[in-house]
Amino acid sequence: MTKIEVKKQVGFAVVAALFAVLLAFSAVADSGTAGLSGKGEVNAGITPDSPLHVFDRIFDSIGLALAFGSENKAGKALDIANERLAETEEMIARNRLDAAGAAQAGHGNALEVARRSVSGFRGSDNADLLEKQVKFEAELEKHEVRIGQVRDGLKVKLELEDGISESQLSFIDSLMSLLQNQTGKVKAEIDGEKGKLKLKIKSEEGKSEVEFETEIRGLEERTGLAELRRDKAREQIDEAVEELAEARDLVSGSNLTNVTGGAAVAGLIAQADLKIAGARAAFNESKFGEAFGLAEAAEHLAKNAKRQLERSIAAGSAGRNGGSGEERLEIKAEINSTAEAKVELRFTSASTNRTEIINELLSRLNLTRDDIDRLLDLENESAADMEFNDRLKTEIRIKDGLAGVRFELEFPLNTTNRSEIVDGIFSRLSSLTAEGLEKALGAEQRVDAGRDDEREIEIEVEDGTAKVKVEVGRERLRFNMPFTTEAAVFSEVSSRTGIPLADVMSLAEVKIENGNDDSGRGVSGEDDDKDEDSGRERKRGRG
C-alpha cells in the first residue's frame, strides 16, 4: 500500500470519526429539544456561552440544508428559533446578556429562513395548500405565545432580583421586543401568502367571501389556531384592563388640572377605554385577531398615560426643588419715553409630541390681566440701552424623554403707563396661535420626536465598535460604544435620547463591516444583502 493510499484511508477514518462525534453531539444537543412539531417544551440545551455551541449551529445549518421542501424547511427553522428562544431566556436568567444577544440574533436568523420559505409552500390543490399555511400559522402562533410567556416569566424573576441596573433592564426589554418583531415579520409573510391564495380560490373556484372565511375558520378550529388566538386575545384584554386600572389609580391621586400635560393624560385614558370596549365587542364576535390588536393598543395607551403622568409629577417636583424641571415665567417692561415688553417662559413638559407641547405652551400663556399685573416688573432704562425688538422665539429640546421648552416674546409699546402696558401684553399673548408658534419654532429650531422624517439614526459597526449618529431636527448626538448586539445599541440610543425603543428599531440604519458580525449567525441561507465592500448593511427605513 502506498503512502498516498495510507494517507487517504487515515483521512477517511478521521472524517468518519468526526462525523460520528458530531452525530452523537447532535443527539445530545437535541435531547432537550422537542421542537414545535415534537409536542413538548424546548430546553436551552447547549447555550451560546459554551464553546460547543458552534457545533449546535453547524448542525442547525446541516438540518436546514437537508430539509427538502419549503414547508419542511420552514418547520425546521421554526424549531431552531424555538431553541434560540429558550437559549435567550436561559442566558438572561443567568445575567449573561452578551450571550443572550447572540441567541436572539440566531432566533432572528432562523425566522428569516422561515419567512423566505413561506412563499414556496406547495399543495396538491388549493385546499391542501391553504391547510399547510394555516398549520404553519398555528405553529407560529404557539411560538409567539411562548415569547410572551418568557417575557412575563423574566419580568417577575427580574423584579425580585437585586443588582439589575436600569440599563440592563432596558437591554433585556429591547431583546424581547426584537424577538416579537422577528416573529411578526413571518406572520406578515404568511398573511400575505394567504391573501394571494384567497384571491386565487375566489377566481378559480368562484367561492364567495363568506364561503372562504367559513373554510378558514374551520381550518383554524381543527389546527387549534382559533383556540390559541381566543386565549391570547382574552389574556391581552385582561392585561389592558389591569393597566388601565393602574393608570386610573395614579390619576385619582393627582389633580390633573395642576399637572403638566394633564389633559393629554386624560385623553390617553379615554382612548384606552374606547379601545378596550372595541376589543370586547370584537371578541364577542369571534374576531380574536382584531380583539387582540385593540387590547394591545389600549395597554400601550394606558402605559403611556402612566408614564406621562409620572414624568409630569417628577418634573413638577424637580421644579419645586429648583432642579432641571424648574418652571419660570417672567414678564417685564423696560421703560423710558416708551416701553419694550418682554415675556419669557421656561418649563419642562412630559410630552415629546410637538402638537401637544405647543398646546401646552398656549395653555400656560393663557394669562388674565391680573396674572400679568402681578408678574409685571417695570425697569427704567436709558434710551440707548433699549433695542425695541419685535421678536418671537420658541425652542424645544428633548432629552431623556422630557422636553425642555423656552418661549421668548419681545415687542415695543408706545406707552409707559402700567395699566396700558398690562393691556398691551394681554392683547399680544391673547393673539398667539398654534400656527404662529409652529412657525416660530420652525424658524428657530425643529425638534419633534413625533415625526420620522426629522429623525435619523445611523449605526456603523467596525472593529468591534459601534459608531452612532443621531439627528433629531437640528440636534446632533454622536457616541461610540463596544458592539455586542444590535439590541444593546438600540437600547443605549433610546436611553440617551428618550426616543422610544420601537422607533429606534424602526429608524436605525445599521452597517456592519464584514468580519465583525459574530452575534450568533450561522444558520445557512440567512446572510443579509452585501454591499460592494462585502460588508453588511441593513436599512430599517424611516417609517
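## The loop between α3 and α4

Asn 95 sits in the loop between α3 and α4. The model is predicted. Phi of Asn 95 is near 60 degrees, a positive value in a residue that is not glycine. Asn 95 has 37% relative accessibility, so the residue counts as partly exposed.

## The loop between α9 and α10

Ser 286 belongs to the loop that links α9 (262-284) to α10 (288-320). Its phi is near 65 degrees, again positive and again in a residue other than glycine. Relative accessibility is 48% for Ser 286, and the residue therefore counts as partly exposed.

## A nonpolar surface patch

Seven names make up a nonpolar patch on the surface: Leu 52, Val 54, Phe 55, Ile 58, Ile 62, Leu 66 and Phe 68. Together they have about 630 Å² of accessible area.

Where does Phe 68 lie? Phe 68 is in the loop between α2 (53-65) and α3 (70-93). Its relative accessibility is 64%, so Phe 68 counts as exposed. The cut-off for that class is over 50%.

## Ala 105 in helix α4

Helix α4 covers residues 97-118, and Ala 105 lies in it. Is Ala 105 buried or exposed? Ala 105 counts as buried because its relative accessibility is 12%. Buried means under 20%.

Ala 105 pairs in space with Arg 84. The two are 21 residues apart in sequence. Their C-alpha atoms are 8.6 Å apart.

## Helices α5 and α8

Helix α5 spans residues 126-160, and helix α8 spans residues 225-252. Their axes come within 9 Å. They cross at roughly 30 degrees. That angle makes α5 roughly parallel to α8, because angles under 35 degrees fall in this class. The crossing of α5 and α8 is left-handed.

## Asp 249 on helix α8

Asp 249 is part of helix α8. Is this residue, Asp 249, buried or exposed? Asp 249 reaches 54% relative accessibility and so counts as exposed.

Asp 249 and Lys 306 are 57 residues apart along the chain. A distance of 9.6 Å separates their C-alpha atoms.

Terms used:
Residues are numbered from 1 along each chain as its sequence is written. This is a predicted model: local features need pLDDT of at least 70, side-chain atom pairs count only at pLDDT 80 or more; totals for chains, interfaces and linings use all residues. Side-chain values use heavy atoms; hydrogens and water are left out. Patches are made of residues with over 30% relative accessible area and no salt bridge: like charges are joined within 9 Å, nonpolar side chains (Val, Leu, Ile, Met, Phe, Trp, Tyr) within 5 Å. Accessible areas come from the Shrake-Rupley method with a 1.4 Å probe; for residues, only the protein chains shown count as cover. A salt bridge is a side-chain nitrogen of Lys or Arg within 4 Å of a carboxyl oxygen of Asp or Glu. Helices (H or I, at least four residues) and strands (E, at least two) are DSSP runs, numbered from the N terminus. Buried means under 20% relative accessible area, exposed over 50%, partly exposed in between (1.4 Å probe, protein chains only). Axes are lines fitted to C-alpha atoms, for helices over the stretch in contact, and angles run from 0 to 180 degrees between N-to-C directions. Angles under 35 degrees count as roughly parallel, over 145 as roughly antiparallel, 65 to 115 as roughly perpendicular and the rest as oblique. A crossing is left-handed if the near helix is turned anticlockwise from the far one by less than a right angle, and right-handed if clockwise.
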